[in-house]
Each structure stands twice: as C-alpha cells, then as structure tokens.
Amino acid sequence: MDCLFCKLVAGEIPATVLYEDEHVIAFEDIMPQAPEHFLVIPKKHISTLNDLTDEDIFVMGMLPVVASKVAKQKGIAEDGYRVVMNCNENGGQTVYHIHMHVLAGRQLTWPPG
Ligand code: AMP
Ligand code: ZN
C-alpha cells in the first residue's frame, strides 16, 4: 500500500520517534506548526475518521493516552497543548492514515483557521 505513514511504521522512511509500542507510534511532525508538534498514529492503516469501526476502539483510545504521556515527557503538559484530528478535505487532511496532532509551546488561538 502506498501510504506514507505505513512506510514510516515499517521503518522505510525516517522519523524522530518519541514513543512506540505494538499498536501505536508517536513521532515529530516534519513541518511543525508550533514549537512542539508531534503526531500519534495507530500502526494499523486506517485512512480517515470516517473509516473507523468498533474494532478500532481500543487503539483509538490509546492515542490520547500516548499523547499525554509524551507531553509529560516533553514537559509541556502543565502549560497545555492542543490535540487535533483532521478529516478529509474540509478538515485539512493531507495524509490519509489517521493521526492525532499534538501542538504546544505557544498560546494557540481559537477558533482554528
Ligand atoms: P494532516 O494535514 O492533518 O493530514 O497532517 C499531516 C501531517 O503530517 C502534517 O502536519 C505534515 O507536516 C506531517 N508529515 C508529512 N510527512 C511527514 C513525515 N515524513 N514525517 C513526519 N511528519 C510528516
Ligand atoms: Zn497507512
């Protein structure tokens, strides 16, 4: 399958890995939109939020748990951070392997653009 994040999971493209277990991997975003910007993804290929099924409930529940673990390790948890998942074109999704963005290190504005 020609999926960028599946290749990253397989070690075929490089990444700065922050956390990894059997189901989930977290790594630095290549084009950070804040002083801290990392992604948390399931290793299983799921294209978008619309493709989730009941089978995915466990792994999707892991994403915010891993996000907060990494945020604590990075020392950004207390000041705060934002978790974002973009879905399809209007949501601004560009990589069609589901991922959770974690952004921190500056005051983030609301509403997002
Ligand atoms: P989205 O626009 O929500 O689909 O987010 C995709 C994210 O993946 C963007 O923030 C990109 O900067 C990031 N990205 C794309 N390629 C890579 C890569 N090779 N390693 C790390 N992050 C990447
Ligand atoms: Zn994939």
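User: Is Ala26 buried or exposed?
Analyst: Ala26 lies in strand E2; strands here are DSSP runs labelled E of at least two residues, helices are DSSP runs labelled H or I of at least four, and both are numbered from the N terminus. Buried means under 20% relative accessible area, exposed means over 50%, and partly exposed is in between (1.4 Å probe, protein chains only). Because its relative accessible area is 0%, Ala26 counts as buried.

User: What kind of model is this, and what pLDDT do local features need?
Analyst: Residues are numbered from 1 along each chain as its sequence is written, chains are lettered from A and ligands numbered from 1 in the order in which they are written, and side-chain values use heavy atoms, with hydrogens and water left out. The model is a predicted one, where totals for chains, interfaces and linings use all residues, side-chain atom pairs count only at pLDDT 80 or more, and local features need pLDDT of at least 70.

User: How far apart in space are Ala26 and Ile41, C-alpha to C-alpha?
Analyst: Let's start with what touches Ala26, where contact means heavy atoms within 4.5 Å. Leaving out residues up to four places away in sequence, Ala26 touches several others, including Tyr19, Leu39, Val40, Val66 and Val70. Ile41 is 15 residues from Ala26 in sequence, and their C-alpha atoms are separated by 6.3 Å.

User: Which residue is 21 places from Glu22 in sequence and 7.8 Å from it in space?
Analyst: Glu22 is in the loop between strand E1 (17-20) and E2. Glu22 is exposed because its relative accessible area is 66%. The residue 21 places away in sequence and 7.8 Å away, C-alpha to C-alpha, is Lys43.

User: How far is a polar backbone atom of Thr94 from an oxygen atom of ligand 1?
Analyst: A polar contact with the ligand is a pair of N or O atoms within 3.5 Å. Polar side-chain atoms of Asn86 and of His101 each lie 2.8 Å from an oxygen atom of ligand 1. For the polar backbone atom of Thr94, the distance to a ligand oxygen is 2.6 Å.

User: And what share of the area that ligand 1 exposes alone does the protein bury?
Analyst: Accessible areas come from the Shrake-Rupley method with a 1.4 Å probe. Taken alone, ligand 1 exposes 500 Å², and the share buried by the protein is 85%.

User: Which residue's backbone nitrogen does the side chain of Gln93 reach?
Analyst: Gln93 lies in the loop between helix H3 (88-91) and strand E5 (100-104), and Gln93 counts as buried because its relative accessibility is 6%. Beyond four places in sequence, Gln93 touches residues including Ser47, Asn86 and His99. At 2.8 Å, its side chain reaches the backbone nitrogen of Asn88.

User: What is the phi of Asn88?
Analyst: Asn88 is found in helix H3 and is partly exposed, with a relative accessible area of 30%. Although Asn88 is not a glycine, it has a positive phi of about 60°.

User: Last one: is Asp56 buried or exposed?
Analyst: Asp54 counts as exposed because its relative accessibility is 68%. Leaving aside neighbours within four places in sequence, Asp56 is in contact with Lys44, Ile46 and Asp51. With a relative accessible area of 2%, Asp56 is buried.

Terms used: A polar contact is a pair of N or O atoms within 3.5 Å; within protein, one must be able to donate a hydrogen and the other to accept it, and residues adjacent in sequence count only if both atoms are side-chain atoms.
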